[in-house]
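Colleague: I have a few minutes before group meeting, could you put the model on the screen and talk me through it?
Modeller: Of course, here it is.

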Amino acid sequence: MQSLLEVKGLRVFLKIGCTEQERANPQPIDIDVTLKFSELVQGCVTDQLEDTVCYAKITQSIHDLSKNFECALIEKLAYEIFSRIRAQIPKNSFLKIAVTKVSPPLAAIQNGVRFEYGDSI
């Protein structure tokens, strides 16, 4: 039996890009977090927040990172988010992070650029 928790479309603003000009102003970044649990999440039975992974804590952790974080690549951002969230969840769970740069500086790209990093893609 497996269970799944997804956080979709968490929007943060941070300085990201390959050039100083691109990093001059915070840009919108959408983040998706996928967690798969191989065992029953006890919150299913107990209905208690302390018996599950709190998605509010996950999203707050991502927001905290984005406040002072600056990087050139979405790959780096995905890795940093993954590392931070991995430390907060059960070791036997699956974690995948997807980072979408909403408005890359290429006019031909209309729906952003997405990078995924996780335990098993």
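Predicted model: local features only at pLDDT ≥ 70, side-chain atom pairs only at ≥ 80, totals over all residues.

Colleague: Which residues are buried in H4?
Modeller: In H4 the buried residues are Ile74, Leu77, Ala78, Ile81, Phe82 and Ile85. They cover an arc of only 135 degrees around the axis, which puts them on the same side of H4. As for their surroundings, the buried residues of H4 pack against strands E1, E2, E3, E4 and E5, and also against helix H3.

Colleague: What span should H4 have, and how far apart are its end C-alpha atoms?
Modeller: With 13 residues at 1.5 Å a residue, H4 should span 18 Å, and because its end C-alpha atoms are 18 Å apart, the two values agree.

Colleague: Switching to confidence, which elements have the lowest and the highest mean pLDDT?
Modeller: Helix H2, residues 43-46, has the lowest mean pLDDT among the elements, at 90, while helix H4, residues 74-86, has the highest, at 97. Over the protein chain the average pLDDT is 93, and 99% of the residues score at least 70.

Colleague: Now the sheet, what is the strand order?
Modeller: The five strands form an open sheet in the order E3-E1-E2-E4-E5, with mixed pairing. E3 and E5 stand at the edges, each with a single partner strand, so one side of each is left without a neighbour in the sheet.

Colleague: How many bridges join E1 to E2, and how many pair E2 with E4?
Modeller: E1 and E2 run antiparallel and are joined by ten bridges, and E2 and E4 also pair in the antiparallel sense, over nine bridges. To pick out individual bridges, Leu14 has Gln27 in E2 as its partner, and Asp30 has Thr100 in E4.

Colleague: Is E2 largely enclosed or largely open?
Modeller: E2 is largely enclosed by the rest of the structure, because nine of its eleven residues are buried.

Colleague: I noticed a lysine in E4, Lys101. Is Lys101 buried or exposed?
Modeller: Lys101 counts as buried, because its relative accessibility is 9% and the cut-off for buried is under 20%. Its place is in strand E4, residues 93-101, where Ile29 stands opposite Lys101.

Colleague: With which side chain does the side chain of Lys101 make a polar contact?
Modeller: The side chain of Lys101 makes a polar contact with the side chain of Glu22, at 2.3 Å. Leaving out residues up to four places away in sequence, Lys101 touches a list of residues that includes Ile16, Gly17, Gln27, Pro28, Ile74 and Val113.

Colleague: What does Val113 touch in turn?
Modeller: Again leaving out residues up to four places away in sequence, Val113 touches Ile74, Val99, Thr100, Lys101 and Pro104. Val113 lies in strand E5 and is partly exposed, with a relative accessible area of 31%. The C-alpha atoms of Val113 and Val99, which are 14 residues apart along the chain, are separated by 8.1 Å.

Colleague: Where is Pro26?
Modeller: Pro26 sits in the loop between helix H1, residues 20-23, and E2, and it is partly exposed, with a relative accessible area of 49%. Pro26 touches Phe13, Leu14 and Lys15, not counting residues up to four places away in sequence. Between the C-alpha atoms of Pro26 and Phe13, which are 13 residues apart along the chain, the separation is 5.2 Å.

Colleague: Last one, in what order do the elements run from the N terminus on?
Modeller: From the N terminus on, they run β-α-β-α-α-β-α-β-β, with four helices and five strands in the protein chain. Buried residues make up 39% of its 121 residues, and the C-alpha trace spans about 50 × 25 × 20 Å along its principal axes.

Notes. Residues numbered from 1 in each chain as written. Heavy atoms only, no water. pLDDT = per-residue confidence, 0-100. Helix = DSSP H or I, 4+ residues; strand = E, 2+ residues; numbered from the N terminus. Buried < 20%, exposed > 50% of the residue type's maximum accessible area, 1.4 Å probe, protein only. Polar contact = N/O pair within 3.5 Å; in protein donor to acceptor, adjacent residues only side chain to side chain. Contact = heavy atoms within 4.5 Å. Expected span 1.5 Å × (residues − 1). Arc of directions from axis to C-beta. Pairing = 2+ DSSP bridges.
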